[in-house]
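Please prepare a short briefing on the salt bridges in this structure.

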Amino acid sequence: MALDFLILYEHVVREYESILLLKAELARRGYTVELRQLLDRKKLKYFTLKKPKVLVSSCMYDDEAINSHVYNNIGVCNKVVNLHWEQMLSDTQEEGAWFNFGGNAKKCVQTCWGKRTQQRLVAHGMQEKNCPVTGAVMMDFLRPEFRGYFKDKAALCREHGLDPDKKLMLYISSFGYASMTEQEVKELSDMAGEDFTGFAGTNRTSMEQTLAWFDQYLAGHPEVQLVYRRHPSEWNSPALEALAQKRPNFRVIFADSVKQWIVAAGLALCGLLLAALTLGRPRDVPETSRDSAPWPVVRVVPAWNGFQAERNVY
């Protein structure tokens, strides 16, 4: 029997909760849906008996991505929807070709969290009908209807060896390029047709200064526990390991979704603001600057001193 929707995902903590919600809603409407990790061994059934009518991808930038997500998994498919998880971009990224899609990727449906993204894609040659504004599905979990869905602070702290009676702070890192080697940055630049060298350098500088600031603050505030939520690409960082060994109140934890930690934390320090703003949690708002500025793109303003920077929300 043919399948209606096949949803591919890359990162469990970033995507799985949201696509389960999509699957449940599609099933409620009478559709058949399966989920599969992009790098799983290819399944012949998706080329034959269970060939889906619609393939839902996690990213879709160019013809190479179409080969990776579509042809290599199910063969030819004329209905492709991209959930488009990477929509919080720098000024340079917004202006470049890579994040505005190329080749046949422009013919796919590229979901947009807001009008700004839709307008940018239309300005770069996409048809408006192919970039609908859907909102961000992961934000639905922060609606009042989902109250009670997440673990409370005490349960989450016990699960991860934290003290539920101490103040809990959360930092959501966007330093996805900081851990890349020069060779990895070069390979990414060659693949995308854009030079990410400057952006990676800014990422490293920002991360270095942020960790130095955390070190200084945590040394004087042993009553505070800071959970550092790393970026999915930030998987090999000696600097994080060193700070975790130096400061017992600094923990790098990747388990559970970002939304779960925002709900549990008393304060969210965010490189990416969307979830914290939607939830309305007390938070420290980072400044963002253009890539050409002499200071790091992300600077965290000390919330414990009562400061709040002007925010740019996408």
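Glu25 forms a salt bridge with Arg29 (a side-chain nitrogen of Lys or Arg within 4 Å of a carboxyl oxygen of Asp or Glu), and the closest N and O atoms of this pair are 2.7 Å apart. The model is predicted: local features need pLDDT of at least 70, side-chain atom pairs count only at pLDDT 80 or more, and totals for chains, interfaces and linings use all residues. Residues are numbered from 1 along each chain as its sequence is written, and side-chain values use heavy atoms, with hydrogens and water left out.

**Glu25 and its partners**
- Glu25 also meets Arg28 in a salt bridge, at 2.6 Å from N to O.
- Glu25 and Arg28 both lie in helix 1, three residues apart, which is about one turn of the helix.
- Helices (H or I, at least four residues) are DSSP runs, numbered from the N terminus.
- Glu25 is partly exposed, with a relative accessible area of 28%.
- Arg28 is exposed at 62% relative accessibility, and Arg29 is exposed at 59%.
- Buried means under 20% relative accessible area, exposed over 50%, and partly exposed in between (1.4 Å probe, protein chains only).

- The side chains of Glu17 and Lys259 meet in a salt bridge of 3.2 Å, N to O.
- This pair links distant parts of the chain, with Glu17 in helix 1 (residues 12-28) and Lys259 in helix 9 (residues 258-264), 242 residues apart.
- Glu17 is buried at a relative accessible area of 18%, and Lys259 is buried at 6%.

**Total**
- The structure holds 14 salt bridges.

Terms used. Helix = DSSP H or I, 4+ residues; strand = E, 2+ residues; numbered from the N terminus.
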